[in-house]
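Take a look at the structure, and we'll work through a few questions together.

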Amino acid sequence: MNKKMIKVDANLGPNNRRRFLRLSGMGLAGAGLLMACSNDDDMNMMEPDPMGPDPDPDPDPEPMVFDLGSGDLGVLNYAFALEQLEADFYTKVVNSFYTGISEEERIVLTDLYNHEVNHREFFKAAITAAVGTSTELILPTLEFDYGDLDFSNRDQVLGTAKILEDTGVAAYNGAGKLIESADYLLLAGKIVSVEARHASAIRTLINLGSADFAGDDIVDVMTGL
């Protein structure tokens, strides 16, 4: 099966709080799923770019729309896409750690790599079991192009990791209400709690000794939610 190359644009600018992550080159369709997963103010993934059309578009785009499916299958495929991205990112990180990495950072990033690979393989197995012989319903293996992201640069790697983890938490929170199976909902709840711990760990690495692990851009100081 041919792999689809996905361009990843992690916008780290201070004035782009809602435009965290943009994946171009991948069209995903699923009944109500994209809208439900992007209702969160901090989750604006796979929506039309609010900045307008790309001023430098690909002259030879390869359009592909993959139907995620409806119900639980759609949610599983959506999560599988996110976990493929996270596993791919951390694989690149641990294969060549950035310059000046500390032992603590090496341990944390290796743990995150192992977790995300396990998540990816879990969703692949769950979807495979769910579709039986209809293997065309499984989201294909994706490849990701990170553009000019410098994997040897600590700030860029940790900044992108923060974006990915925050995006993962928001995606699971947004899609949870669409899950019909109690078993899948329980597993999604466990996985999103792990993703939240990842987000907290990355924030701590970025700003040691701070309260950023529960930053007020994520946790409402008045409600604790």
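Q: Which residues in α4 do Glu105, Leu109, Leu112, Glu116 and Phe123 in α3 meet?
A: In this predicted model, helix α3 covers residues 103-131 and helix α4 covers residues 154-175. The residues on the α3 side are Glu105, Leu109, Leu112, Glu116 and Phe123. Their partners in α4 are Arg154, Leu158, Glu165 and Tyr172.

Q: How many residues of the contact of α3 with α4 are nonpolar, polar and charged?
A: Leu109 and Leu112 in α3 are part of this contact, as is Leu158 in α4, and Leu counts as nonpolar. Glu105 in α3 and Arg154 in α4 also take part, and Glu and Arg count as charged. The contact divides into 5 nonpolar, no polar and 4 charged.

Q: At what angle do α3 and α4 pack, and how far apart are their axes?
A: Two packed helices are described by the angle between their axes and the distance between the axes. The crossing of α3 and α4 is left-handed. Their angle is about 40°, and the axes are 13 Å apart.

Q: How are α2 and α5 oriented to each other?
A: Helix α2 (residues 71-95) packs with helix α5 (residues 182-206) at an angle of about 30°. Angles under 35 degrees count as roughly parallel. Therefore α2 and α5 are roughly parallel.

Q: Is Ala201 buried, partly exposed or exposed?
A: Ala201 lies in helix α5, and its relative accessible area is 25%. Buried means under 20% and exposed means over 50%. So Ala201 is partly exposed.

Technical notes
Residues are numbered from 1 along each chain as its sequence is written. This is a predicted model: local features need pLDDT of at least 70, side-chain atom pairs count only at pLDDT 80 or more; totals for chains, interfaces and linings use all residues. Side-chain values use heavy atoms; hydrogens and water are left out. Axes are lines fitted to C-alpha atoms, for helices over the stretch in contact, and angles run from 0 to 180 degrees between N-to-C directions. Helices (H or I, at least four residues) and strands (E, at least two) are DSSP runs, numbered from the N terminus. A crossing is left-handed if the near helix is turned anticlockwise from the far one by less than a right angle, and right-handed if clockwise. Contact means heavy atoms within 4.5 Å. Angles under 35 degrees count as roughly parallel, over 145 as roughly antiparallel, 65 to 115 as roughly perpendicular and the rest as oblique. Buried means under 20% relative accessible area, exposed over 50%, partly exposed in between (1.4 Å probe, protein chains only).
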